[in-house]
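Here is a briefing on one structure.

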Amino acid sequence: MTQATTLGELKKTEWASPARRQRTVKDEMRENLICFLENGSPLFPGIVGYEETVLPQLVNAILSRHNFILLGLRGQAKSRILRQLVTLLDEEIPIIAGSEVNDDPFEPISKYGRELITERGDATPIAWLTRELRFVEKLATPDVTIADIIGDVDPIKAARGGHLLSDELTMHFGLLPRANRGIFAINELPDLAGKIQVGLFNIMQEGDVQIKGYPVRLNLDVALVFTANPEDYTARGKIITPLKDRIGSEITTHYPLTVELGTAITQQEAWVDRNGARSVRVPDFMAELIERIAFEAREDKRVDRRSGVSQRLPISVLDNVLSNAERRTILTKEKTVVPRISDVYAALPAITGKLELEYEGELQGSETIAKDLIRRAAGRTFEGRVGGANVDDIVHWFDEGGALKITPDERSEALLKGFTVVPGLLALIEQVGLAGKKDPATMVSACELVLEGLVAEKRIARSEELGYVRARAEQKPPFGKGPMGTGGGGPGTGPNLFT
């Protein structure tokens, strides 16, 4: 269908109907949302775990034509939800060509639009604005000014056009007016200076603002949406009460409520399907272990809960784990990338940078805490998948002086052969269904999980120098009288594998 290019042509279309001319952005979002609900179309694809909690409240806010705010800690998909609101807008809308504020051809709000229609009438040129261009986003920082958000007087415009500074035509519009007939999103709203918050409040309440002492009436048609950290969005925080009172709905987001939901999000967002020559396979117990690192961190008293532990942590960890496993397969000429526990320890840089620590945590250091989180996550995964199985033979072998030191960059077949020296280890893997005999790469990963789980339960020990050893080291005998070679003496008497 040919689009109208002039106001006269537009008057002959459905855009000239009273229903269309009176419809606001919030009406538009509401009507399109109702169509989605009636057709059973998915809302906010890619947002996992909010189906029963956040999304119903979000739908209610849109149906109520509210300005709303998403309250939540970092890494809870707040910005992603706001960006997907554009799907509730029409594919295109007509505007007066050249208008900086997306003037409605039938009811322009700017002096430029009104004067153009007065001058050219039905010959006024029309442009079409796509839905993607109707979403404007701004990250709030303390240095944001009224000029950034609302606008400022432009002396150059005044000089070139011969206008007074008080003339609206001298105004350089900010982000909010340019979002007219669209959605304006502000991330971390409390970080805006109080003066800017007052400006937003005036726009929401009265539709006017003062710029350099000149009152400007801007009857904007815009849906305002915000995000904030709950700690800041309080009466004693950095949000002014009148603005808070004008926001219709406060919707609280959250981290995944279960490990399964978290794993689904991480698998969706991480770069698992790599475009290399080697296939990638992540055992389900490894995906669970990686996700549990975040769950353990969120419960750890040494980690600042007010800051939160972003869902980006397990996503970044999985990326890094797969990269380390990929590097190993390149060196060993293996065809399939299968991550192991040792790869998780190699991904410490993806953990330490995402932990905001309390005072106790700062004393211990982020790397120490990250290793402890991995160990505890392995213990929980081991308990859920192997708990209740008989591991006495494995523990007894270590108690008798057996030791394993694993070199991470070794082929799966060689590692698996080394693990056979531990009585009952491979049999346990098959018994609990972690891996099968025909899959050596997953068998190795499962063996490391069992050993790390026993370390977490303190039934054996693990050190950087000696590898996996007995839980309690015996008192060292006098020099020269200890057992040499083999025979169950100390940690060094077991097979020093893969070094």
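Which residues of strand β11 lie on its covered face, and which on the uncovered one? S249 and I251 are on the covered face of β11 (residues 249–252), while E250 and T252 are on the uncovered face. The model is predicted: local features need pLDDT of at least 70, side-chain atom pairs count only at pLDDT 80 or more, and totals for chains, interfaces and linings use all residues. Residues are numbered from 1 along each chain as its sequence is written, and side-chain values use heavy atoms, leaving out hydrogens and water.

**Strands**
- Helices (H or I, at least four residues) and strands (E, at least two) are DSSP runs, numbered from the N terminus.
- In a regular strand, side chains alternate between the two faces of the sheet.
- β11 pairs with β1 (residues 68–71) in the parallel sense, over 4 bridges; pairing requires at least two DSSP bridges between two strands.
- Opposite E250 of β11 stands I69.

**Helix α19**
- I394, V395, W397 and F398 are the buried residues of α19 (residues 392–399).
- Buried means under 20% relative accessible area, exposed over 50%, and partly exposed in between (1.4 Å probe, protein chains only).

**Cysteines**
- The whole structure has 0 disulfides, a disulfide being a pair of cysteine sulfur atoms within 2.5 Å.
- C447 is buried at 0% relative accessibility, whereas C35 is partly exposed at 39%.
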